[in-house]
Amino acid sequence: MQSISLVAPRLRIGEHFAFRSAGIIARPLQLLMAAPSLLFLGTLAAMLLRHPDVAFYEIDRVAFGLLIVGVAGRAVVQRQQLFVAERVTWPMLALTALVLSSVIAQPFDNETWSLLASKFLVPFTLFHLAPLVFDGEKRFRQFEFFSIAVLAYLSFTAIAFLVGAHWLIFPRFILDESLGHHVDRARGPLLQAVANGVSLNMLGLLALHAYRRGSARGIKMAVLLASVPIAIVATMTRAIWLSFGGTVLVLIFVSKDRCLRRACMGLALIGGLGLAVVLGSHEFGGGLNDRLEESGPVEYREAVYAGGWQMFLEHPLAGWGFHQMPAELPKYVSGYDEKLLYPHNTYLEVLVEHGVLGLALYVWLMWEMWRLGRGAIPAAERKGFLNRQFHLLWPILLAVYWVNAAMVVMSYQFVNGLLFTMAGMLAAQRRRAEASRPC
C-alpha cells in the first residue's frame with residue numbers, strides 16, 4: 001500500500017503536466033480555428049500588400065499555411081467534410097497535374113514555384129476552403145465589408161498618385177521605381193497597372209451589389225462609388241478603361257434593376273466628367289493624351305503574339321513547359337533586345353506552354369466557373385449576399401477577368417484568389433440548394 005501511495009501522486013503530477021503542455025500547444029491552433037473568416041480575409045490582405053523584398057517574400061505563404069491549418073482543424077473538430085469535389089474541381093486537378101509534371105521536370109527555381117502557386121495552387125485551394133469558411137450570412141457580410149474596404153484603399157491610392165500626393169501613398173514600396181512595372185501609373189500594391197485596374201473593376205461591382213441590396217448606402221458609399229471611375233482613369237491603361245466602360249454600359253442596358261441602372265449612369269457621368277477635367281488640365285492632360293496616342297504597346301503585342309504563334313506551331317500538343325515562354329520568346333521576335341519577353345496574354349501563354357490540351361483544360365475550367373452563376377438559390381438566401389442579383393453580376397465579373405486576361409498574364413495572387421473565393425461560395429450555395437430540395 002505504501003508503494004502505491006508513493007507512485008500515484010507522481011503519475012497525477014505527470015498527467016497534469018502533460019495536459020497543461022498539450023493545452024499550451026493547442027492554444028494557437030484554437031485561436032486559428034476561432035475566427036476562420038478573419039483568417040481567410042487576412043490571407044487575402046497579405047497577398048495584396050505583400051512587400052516584394054526577399055525579407056518579406058514569404059509572408060503571404062505563411063498566412064496561406066496558417067489558413068489551411070486553421071480551416072482544416074476546424075473542419076475536423078466540427079466533423080465537416082474537408083474536401084468536396086465539384087464540377088470545377090476536375091479541370092482544376094487536371095490542369096494542375098499538367099503544370100506540376102512540367103515544373104517537376106525542370107531544375108528548381110523559386111520564381112517558377114512562386115508563379116505556380118499564384119496561378120494555380122493558391123486560387124484552387126481557396127476555392128475549396130471558401131465553402132468551409134463562408135457558411136453563413138454574417139461571414140458573407142464580413143467578406144463584403146472587406147471588399148468595400150479594399151476598394152476604398154485602392155481608389156484612394158490611385159487618386160493620390162494621379163494628383164501627385166505621393167506622401168499619402170502606403171505602403172511606400174509602391175513608389176519604388178526598381179520594383180514591378182508601370183511606375184508612371186497608378187499601379188497600387190500589386191505593382192502593375194492592369195492588375196490594379198482589374199481589382200478596382202471587380203471590387204467596384206461588389207460595391208454596387210452592396211449598394212443595390214441596401215447593405216452599404218449613404219454619403220460615404222456614394223463618395224466611394226464616385227471615386228472608382230477617377231481611379232480607373234488614373235491607371236492610364238486603355239484595356240482597363242475599355243473593360244470598365246463596357247461593364248458600366250452592360251449594366252445600364254441589361255440590368256432590370258432601376259437602382260442599379262441609376263448608379264451606373266451616375267458612374268458613367270462622373271467618369272466622363274473626370275476624363276474631361278483630366279484632359280483639360282495642363283498637368284495631367286499631356287500624360288493622358290500620350291497614353292491615348294501611344295502605339296508602342298500595340299506594336300510590341302503584335303510582335304510577341306506572332307512569335308508566340310510560331311512557338312506554338314513547333315510544339316502544338318505538349319507545349320514548351322511551364323514558365324518557359326519568357327526565355328524562349330526573344331528567339332522568335334525581332335526588333336527587341338531583351339533577354340526575357342512576356343506574352344501579355346494568358347490564353348497565348350497557356351497555349352504555348354501547355355499546348356492544345358492545356359488550353360482545352362483552361363477553357364473547360366472557365367466554362368464550369370461560368371455555370372456556377374446559373375445554380376439554384378436556397379429560399380433562406382434569396383435576400384442575402386449570394387442573391388439573384390449576385391448571380392446576374394457573376395458573368396460580368398468573369399468577363400472583366402477574361403477580357404483583361406487577353407491583355408496580361410493573370411499571375412496575380414490577389415486577383416485570382418478573390419475570383420476563386422467567390423466561385424467557391426457559389427459552388428457551396430448550389431450544394432445547399434440541392435440538399436434542400438424535397439426528395
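**Exercise 1.** Which residues do ring pairs link into a cluster with Trp-394?

*Solution.* Start with the ground rules: this is a predicted model, where local features need pLDDT of at least 70, side-chain atom pairs count only at pLDDT 80 or more, and totals for chains, interfaces and linings use all residues. Numbering runs from 1 along each chain as its sequence is written, and side-chain values use heavy atoms, leaving out hydrogens and water. Next, the pairing rule: rings of Phe, Tyr and Trp (its six-membered ring) pair if their centres lie within 6.5 Å; planes under 30 degrees apart are stacked, over 60 edge-to-face, the rest tilted. Trp-394 then joins Phe-40, Phe-134, Phe-140, Phe-143, Phe-385 and Phe-390.

**Exercise 2.** Work out what the pair Phe-120 and Phe-322 ties together.

*Solution.* The rule gives 13 aromatic pairs. Phe-120 and Phe-322 make an edge-to-face one, with 6.2 Å centre to centre and 65 degrees between the planes. Helices here are DSSP runs (H or I, at least four residues), numbered from the N terminus. Finally, Phe-322 is buried at 2% relative accessible area; buried means under 20%, with a 1.4 Å probe and protein chains only.

**Exercise 3.** Find where helix H15 bends.

*Solution.* Take H15 as residues 388-405. Compare axes fitted to the seven residues ending at a position and the seven starting there; their angle is the bend. At Trp-394 that comes to about 30 degrees, and Pro-395 follows within four residues. Trp-394 is also among the buried residues of H15.

Definitions and conventions. Helix = DSSP H or I, 4+ residues; strand = E, 2+ residues; numbered from the N terminus. Expected span 1.5 Å × (residues − 1). Buried < 20%, exposed > 50% of the residue type's maximum accessible area, 1.4 Å probe, protein only.
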